[in-house]
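These are my notebook entries on one protein model, written as I looked things up. I start with the sheet and its helices, and then turn to charged pairs and the surface.

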Amino acid sequence: MNIFRGLAAPRRSFFLFGPRGTGKTTWLRGLLRNALWFNFLRTQELLAITQDPNSFRRKIESLTSGSWVVIDEIQRYPTILNEVHDIISTYGEEHYRFALTGSSARKLKRAGVNLLAGRAARRSCFPITIHELQQSELPLQIEHRLCWGALPRVFAEPDTAGKIDFLEAYVETYLKEEIKEEALIRR
C-alpha cells in the first residue's frame, strides 16, 4: 500500500523524530534513494562504526558534494553526532547533508548529546493523517481509524488478527516502556 506522507523535505540536514511504526525509514527510503545509509539497527553495521569511528568519516568524505547521508536509529550511537557536527562545520551545510532518524528526541536530550543546534532542522512523523489519506486516494474509513488507529502498519494490515497482534506487541514493548521510563525520570 502506497500512502502519501505530507512531510516537507528540508534541503539541509535534519532530524526526523516520531514514534516507532510511523514510517520514518520508509519515507526516507523513498525520498533519499541515492543516500549513503547507516542503519544502526543492524548490529554489524553499528559495531563496525563503534570499533572504527574514523571509517564513518572516511565513507562520508568519499562522497560528492551535495550528497545525503542517512543515519537511521541515531539513538543507538548518539555520540556520532559530534562527528556529524564537525563534518558540517568543516565542509558547510550544503556539502554533506544528513537525515537522522530516531523515535525520541527526549532520550537524546536526556543523554546530553549534541543535537546540532542551528545546523539541523527538525521534522516529526506521526500516524497517518486524514489529509495524507485523501492525497493517497484511500477511503477515510473513520470507523477503522477510531477502532485501530492510524499507524501505517496497522492501517495496511488486512487481517484483524494481524492488527491485534501488532497493536498488542506495540503497546507491551514500546508504549509501556516509554511510559515507565518517563515516570522514572519525573520522580
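**Entry 1: a helix on the sheet.** Which strands does helix 3 lie across, and at about what angle does helix 3 run to strand 2? I found that helix 3 (residues 53–61) lies across strand 2, strand 3 and strand 4, and that its direction makes about 160 degrees with strand 2. Helices (H or I, at least four residues) and strands (E, at least two) are DSSP runs, numbered from the N terminus. Angles run from 0 to 180 degrees between N-to-C directions, with axes fitted as lines to C-alpha atoms, for helices over the stretch in contact.

Before going on, I note that this is a predicted model, in which local features need pLDDT of at least 70 and side-chain atom pairs count only at pLDDT 80 or more, while totals for chains, interfaces and linings use all residues. Residues are numbered from 1 along each chain as its sequence is written, and side-chain values use heavy atoms, with hydrogens and water left out.

Entry 2: I looked up the strand order and found an open sheet of 5 strands, arranged 2-3-4-1-5 with parallel pairing; two strands pair if DSSP finds at least two bridges between them. Strand 2 (36–39) and strand 5 (121–124) are at the edges and have a single partner strand each, so one side of each has no neighbour in the sheet. From one strand to the next, the twist averages 15 degrees. Helix 1 (residues 24–31) packs on this sheet, where it touches strand 1, strand 2, strand 3 (67–72) and strand 4, contact meaning heavy atoms within 4.5 Å. The direction of helix 1 makes about 140 degrees with that of strand 1.

**Entry 3: strand 1.** I then followed strand 1 (residues 14–17), which pairs with strand 4 (residues 96–102) in the parallel sense over 4 bridges. On that side, A99 is the bridge partner of F14, and F15 stands opposite L100. Strand 1 also pairs with strand 5 in the parallel sense, again over 4 bridges, and there L16 stands opposite R123. In a regular strand the side chains alternate between the two faces of the sheet. In strand 1, F14 and L16 are on one side and F15 and F17 on the other, and all are buried, with both faces covered; buried means under 20% relative accessible area, exposed over 50%, and partly exposed in between (1.4 Å probe, protein chains only).

**Entry 4: charged pairs.** How many salt bridges does a search of the whole structure find? The search finds 8, where a salt bridge is a side-chain nitrogen of Lys or Arg within 4 Å of a carboxyl oxygen of Asp or Glu. One of them joins the side chains of R5 and E132 at 3.2 Å, N to O. R5 lies in the segment before strand 1 and E132 in helix 6 (residues 130–135), so this pair ties together parts 127 residues apart in sequence. R5 is buried at 12% relative accessible area, and E132 is buried at 6%.

I next looked at E73 and R20, whose closest N and O atoms are 3.9 Å apart in a salt bridge. E73 is in the loop between strand 3 and helix 4 (80–91), and R20 is in the loop between strand 1 and helix 1, 53 residues apart. E73 counts as buried at 9% relative accessibility, whereas R20 is partly exposed at 33%.

In a further salt bridge, E83 and R57 have their closest N and O atoms 2.6 Å apart. This pair links helix 4, which holds E83, with helix 3, which holds R57, across 26 residues. R57 is buried at 15%, whereas E83 is partly exposed at 24%. Both belong to a network of salt bridges that links R57, E61, E83 and D86.

Entry 5: Is G118 buried or exposed? G118 is exposed because its relative accessible area is 61%, and its place is in the loop between helix 5 (105–110) and strand 5. Leaving aside neighbours within four places in sequence, I found G118 in contact with R12 and E93.
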